[in-house]
Amino acid sequence: MLAEGLSAEDAEYFSTVRIFSNGSGGYGSGVDDAVFASDTWETDAKIAENYMSKMGNAFGTDLSRWGATIEGVNLYGKQLSGTDVAMFARSSNIYGMISSDDPFEYFGGLALAVRNLDGKSPDMVISNLRDAKNPRAEDAAQFLAKELRTRTLHKRWVTEMMKEGYSGATTLSGRINNFWGWQVVDPNLVRDDQWQSFAEVYIEDKFELGMDEWLEEVNPSATADMIQRMLEAGRQGYGDARDAPKKARPGRMVGLG
């Protein structure tokens with residue numbers, strides 16, 4: 001920091017700061033909206049820079065500089081660089097890796113930033129506290145894979161979502177969007193066959209649940225959203241579900257833009 005023009009006093013103070021977040025009154029990492037607006041970027045560097053900018057306010061012991069940033073110096077990036085492991089705790093059976101956009105937005109945002117700083121994502125670890133008598137650390141890719149297999153892509157779970165009508169269809173679409181979020185922020189956690197499974201279960205009706213008719217009745221826009229996201233994954237060079245959405249009825253392609 002001295003080499004970048006900071007005074008000795010500022011350099012000494014900011015070198016001690018270890019807590020970074022939004023500026024006071026601010027909210028959000030800026031990752032989720034940018035990830036979903038995938039037509040506005042071709043590389044994830046733009047998202048990483050936005051994340052570090054929004055989350056790079058320093059909160060140290062000097063209250064007169066509470067939430068300060070340094071013009072022209074990526075202090076948060078300096079602290080993130082060299083990170084080997086990032087950890088995120090899950091203590092609820094209700095929420096997983098793709099039940100909302102928060103995990104990929106914040107936990108995944110760390111991986112995205114470190115990869116853009118150092119060229120490699122850190123090891124992503126879930127502190128699994130769901131069983132208080134058996135806490136354990138799990139590889140995030142494995143944790144996500146189990147969530148997909150036992151919930152998101154499981155026949156019984158999909159059947160229960162169908163009972164919820166419009167909101168159930170919205171939930172299915174949301175899971176694909178959040179899975180896409182992980183694809184962008186840390187491709188190491190996502191497998192091509194998982195994309196294909198989404199297409200087989202949600203679009204091709206692998207379980208013969210009448211998905212096509214049900215979606216047409218309760219929320220046809222959810223179908224468009226899901227197909228659009230899969231096609232966009234293919235356009236961006238992600239996943240192996242590029243052909244499956246094209247098998248949907250032509251009418252379902254209307255309005256994808």
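Is Phe-59 buried or exposed, at 13% relative accessibility? In this predicted model, Phe-59 counts as buried, because 13% falls under the 20% cut-off. Phe-59 forms an aromatic pair with Trp-66. The pair is edge-to-face, with 4.8 Å centre to centre and 80° between the planes. Trp-66 is partly exposed, with a relative accessible area of 45%.

Arg-65 lies in the loop between strand E2 (57-58) and helix H4 (75-80). At 17% relative accessibility, Arg-65 is classed as buried. The Arg-65 side chain makes a polar contact of 2.9 Å with the side chain of Asp-62. Beyond its neighbours within four places in sequence, Arg-65 is in contact with Glu-9, Asp-10, Tyr-13, Phe-14 and Ala-58.

The whole structure contains 11 aromatic pairs. Tyr-13 and Phe-14 form an edge-to-face pair, at 5.0 Å centre to centre and 65° between the planes. Both residues, Tyr-13 and Phe-14, are buried. A single aromatic cluster is formed by Phe-179, Trp-195, Phe-198 and Tyr-202.

Helix packing was examined next. The axes of helix H6 (residues 140-152) and helix H9 (residues 192-203) come within 12 Å and cross at roughly 10°. H6 is therefore roughly parallel to H9. H6 contributes Ala-145, Leu-148, Arg-149 and Thr-152 to the contact. H9 contributes Gln-194, Ser-197, Phe-198 and Tyr-202. The residues of this contact divide into 4 nonpolar, 3 polar and 1 charged. Phe-198 and Tyr-202 belong both to the H6–H9 contact and to the aromatic cluster.

Technical notes
Residues numbered from 1 in each chain as written. Predicted model: local features only at pLDDT ≥ 70, side-chain atom pairs only at ≥ 80, totals over all residues. Heavy atoms only, no water. Helix = DSSP H or I, 4+ residues; strand = E, 2+ residues; numbered from the N terminus. Buried < 20%, exposed > 50% of the residue type's maximum accessible area, 1.4 Å probe, protein only. Polar contact = N/O pair within 3.5 Å; in protein donor to acceptor, adjacent residues only side chain to side chain. Contact = heavy atoms within 4.5 Å. Axes fitted to C-alpha atoms, helices over the stretch in contact; angles between N-to-C directions. Parallel < 35°, antiparallel > 145°, perpendicular 65-115°, else oblique. Nonpolar A, V, L, I, M, F, W, Y, C, P; charged D, E, K, R; others polar. Phe/Tyr/Trp six-rings, centres within 6.5 Å; stacked < 30°, edge-to-face > 60°.
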